[in-house]
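Work through the exercises below with the coordinates open, and try each task before reading its solution.

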Amino acid sequence: MCSIERSPETLESLRKVFTCIDNTTLEGCDTHQKVRELCRKSLEMHDNTRGIGHVAAVCVYPVFVSEAKRCLAHSDIHVASVAGAFPAGQSPLAVKLQEVQYAVDEGADEIDMVISRGLLIEGEQSRVFDEIAAIRAITQGRVLKVILETGELKTELLIAQASQIAIDAGADFIKTSTGKIAVSATLEASEIMLNIIKKHFERTGKWVGFKAAGGISTPAEVLKYYQLVNHILGNKQTTNQFFRIGASRLTEKLFSFLTK
């Protein structure tokens, strides 16, 4: 495991990162008790004396949204839900929309959807756009994160196309990965996505957020993503309004690193 020095600059960066975490459980063996435990830990993991705030959100499957909302009701931690045929995206649009609507009705503050990679690879860019736009219409007033699953998009061109399509269709964030395939988040794919975000801002004056997820499990790894975002987009884009990290194994490790 790569280690990092506990310098004041590093600690300040990682304190900021901690408040950008979407604390996540997305397993087939998830239970209501497991979700309650995740929410409890998320509420407890902060330390005002050290300047460590709460995580940004808890991310769960749609069937656990109402439980998470109940557990987090008196906090500022959002409830995010994957929806829309996560993780493969291989369902009819009507089915995807029904699941997204269910998550919204259950009270989700944020929706993490996944694009149809097969359609994009086949050159059906307009259909990919239309699916995202249809989900955007349901999620108005909520944060929409669009997962590109960059590990299945084998070229820089496809990653760039997917990023731009998602932004044009109304994404609040573009997100690297589901965490369910062998190649998840990479710095190389993230750089492509961040440059598309930067170009979009230069053209329109509007920022779109970036979320890295999948396989980021140590403070040293997450620091690299923070530094990349800071380098390309600037320090103002490293708050949880524009920067998120999807984490399951990372959260407790990072909190322990910050508090030891």
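**Exercise 1.** Determine which residues Phe18 touches, leaving out residues up to four places away in sequence.

Solution. With contact taken as heavy atoms within 4.5 Å, Phe18 touches Met45, Ile52, Gly53, His54, Val55, Thr251, Leu254, Phe255 and Leu258. The model is a predicted one, in which local features need pLDDT of at least 70, side-chain atom pairs count only at pLDDT 80 or more, and totals for chains, interfaces and linings use all residues. Residues are numbered from 1 along each chain as its sequence is written, and side-chain values use heavy atoms, with hydrogens and water left out.

**Exercise 2.** Classify the ring pair of Tyr61 and Phe86, then that of Phe201 and Trp207.

Solution. Rings of Phe, Tyr and Trp (its six-membered ring) pair if their centres lie within 6.5 Å, and planes under 30 degrees apart count as stacked, over 60 as edge-to-face and the rest as tilted. By this rule there are four aromatic pairs. For Tyr61 and Phe86, the centres lie 6.1 Å apart with 70 degrees between the planes, which is edge-to-face. For Phe201 and Trp207, the centres are 4.0 Å apart and the planes stand at 10 degrees, so this pair is stacked.

**Exercise 3.** Is Phe86 buried or exposed?

Solution. Buried means under 20% relative accessible area, exposed over 50%, and partly exposed in between (1.4 Å probe, protein chains only). Phe86 counts as buried because its relative accessibility is 11%, whereas Phe201, at 28%, is partly exposed, and Trp207, at 21%, is partly exposed.
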